[in-house]
Amino acid sequence: MTVALDTSGAFGADRADEKRLIRKVGYRLIPFLGICYFFAYLDRVNLGFAALTMNKEFNFTPTVFSIGAGIFFIGYFLFEVPSNIALEKFGARRWIGRIMISWGILSALMAYIGGVNSFYTLRFLIGVAEAGFFPGIVLYLTYWFPAEYRARILAAFIVAVPLSAAIGSPISGMLLGLDGVGGMKGWQWLFILEGIPSIILGLVSVFYLTDGPKNARWLTDAEKSWLTRQLEKERLAKENVRKLGFGETIANPDIWGLSIIYFGLVAALYGAGFWLPQIVKAFGVTNTQTGFLTAIPYLFSVVAMIIWSRNSDRSRERIWHVVLPMVLTGLALAASATAQSPQVVMITLTLATIGIYAGFALFWTLPSAILTGTAAAGGIALINSIGNLAGFVGPYVVGWFKETTGDVSSGLMVISVLPLISAVMVLVFGRFRRRELEAGEGSLGLARDH
């Protein structure tokens, strides 16, 4: 079926107009959601920069820092599935707003920790508050975008993560220079000034976001009708192959397999990411220089994500577009563990970061291709929550080896194995679930009626 919009509000026969409709929706939603995720990720990982001075002030060992960095994901894990189901029940704009306001307040309160106990407690509560944000957005985007456009849309949203690190790293490094301003330390200003925008954006989202196409006053009746029909058509195609209720989803081995796959990717993401500022700082540079150097891998990742996701949509292929970045990540992390010079360390960690983010957005096209409705809400949240337990494991492994051996090399070598295992599992998943993936992706395996 070809779609076009004419001045009367009826549909014509020009596919270019369909793309203009998708761009219209994209321009309305993605920049705002991307900015929200920008600050979500910044509030999550600015701990790595605060550690450059905060750890010394409180005498935090590498293990204490690793537990504090990772305990966020325990709270995240416990409340992820209930949060995503609540989003489907109460609507995206209210629930996303609630999430952002609560995590912004708690992130700012990190400025007032007094030791290990308050450090652990606040990090855990931030995880509880943020639980459901990322999988909620992934689910929310399935309410708006047909499968044909989903990889590039997810990449356009998720590109906020490396952008957050690329832009936030220099800013975080410079904020550490505010020591003494207002009687506070630089790391305190870092938490306060990077937490306030999340609170503001949470308030704005309640008024700005729309729960679905049917409620969008900024779409014409014809646009609402076509988009709703197209998304319903894809939902029915998936359910004709295999319809799962929420209980069946929780017991579904595919969901657990995807969770383990995601675990390997997240272990690399946070195992390297939380420690990257300290790895760079060990080169003998200043805090500000650390911020700018840390931004380099993420700048390259932004470009890689966009190119790789567009290539996946253009070639109508998913599995290998997930597998190859995971292989690159594993091999590059292993190479960084054996590198001797700062230049080689930066090159290999840049390649690993490129692999992580290039595969990150593409991974989420897999569960969204086989799940619908409440099953999608619960399934996506479950995959994300279990996978994000690696956010505890990855940093802890690296921190334990650093405290035991004096450097992070052994820890990086250990976590390099995990994305390689994930790559093999993706190939197995693709082999045994080809029919479901084709039905869920529509044009990515079956001829679409254009």
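Mentor: One term before we start: a residue is buried if its relative accessible area is under 20%. Keep in mind that this is a predicted model.
Trainee: Which residues are the buried ones in helix 6?
Mentor: They are Phe133, Phe134, Pro135, Gly136, Ile137, Val138, Leu139, Tyr140, Leu141 and Thr142.
Trainee: New topic. Where is Arg318 found?
Mentor: Arg318 sits in the loop between helix 14 (287-315) and helix 15 (319-338).
Trainee: Is Arg318 buried or exposed?
Mentor: Buried. Its relative accessible area is 6%, and the cut-off for buried is under 20%.
Trainee: What does the side chain of Arg318 make a polar contact with?
Mentor: The side chain of Ser312, at 2.8 Å.
Trainee: Now helix 12 and helix 19. At what angle do their axes cross?
Mentor: Roughly 50°. The axes of helix 12 (residues 253-273) and helix 19 (residues 390-405) come within 7 Å. The two helices are therefore oblique to each other.
Trainee: Is that crossing left-handed or right-handed?
Mentor: The crossing of helix 12 and helix 19 is right-handed.
Trainee: Which residues meet there?
Mentor: From helix 12, Phe263, Val266, Ala267, Tyr270 and Gly271. They meet Ala390, Gly391, Val393, Gly394, Pro395 and Val398 of helix 19.
Trainee: What is the contact like by class?
Mentor: Between helix 12 and helix 19 there are eight nonpolar residues, three polar and no charged ones.

Conventions:
Residues numbered from 1 in each chain as written. Predicted model: local features only at pLDDT ≥ 70, side-chain atom pairs only at ≥ 80, totals over all residues. Heavy atoms only, no water. Axes fitted to C-alpha atoms, helices over the stretch in contact; angles between N-to-C directions. Helix = DSSP H or I, 4+ residues; strand = E, 2+ residues; numbered from the N terminus. Parallel < 35°, antiparallel > 145°, perpendicular 65-115°, else oblique. Left-handed = near helix turned anticlockwise from the far one by under 90°. Contact = heavy atoms within 4.5 Å. Nonpolar A, V, L, I, M, F, W, Y, C, P; charged D, E, K, R; others polar. Buried < 20%, exposed > 50% of the residue type's maximum accessible area, 1.4 Å probe, protein only. Polar contact = N/O pair within 3.5 Å; in protein donor to acceptor, adjacent residues only side chain to side chain.
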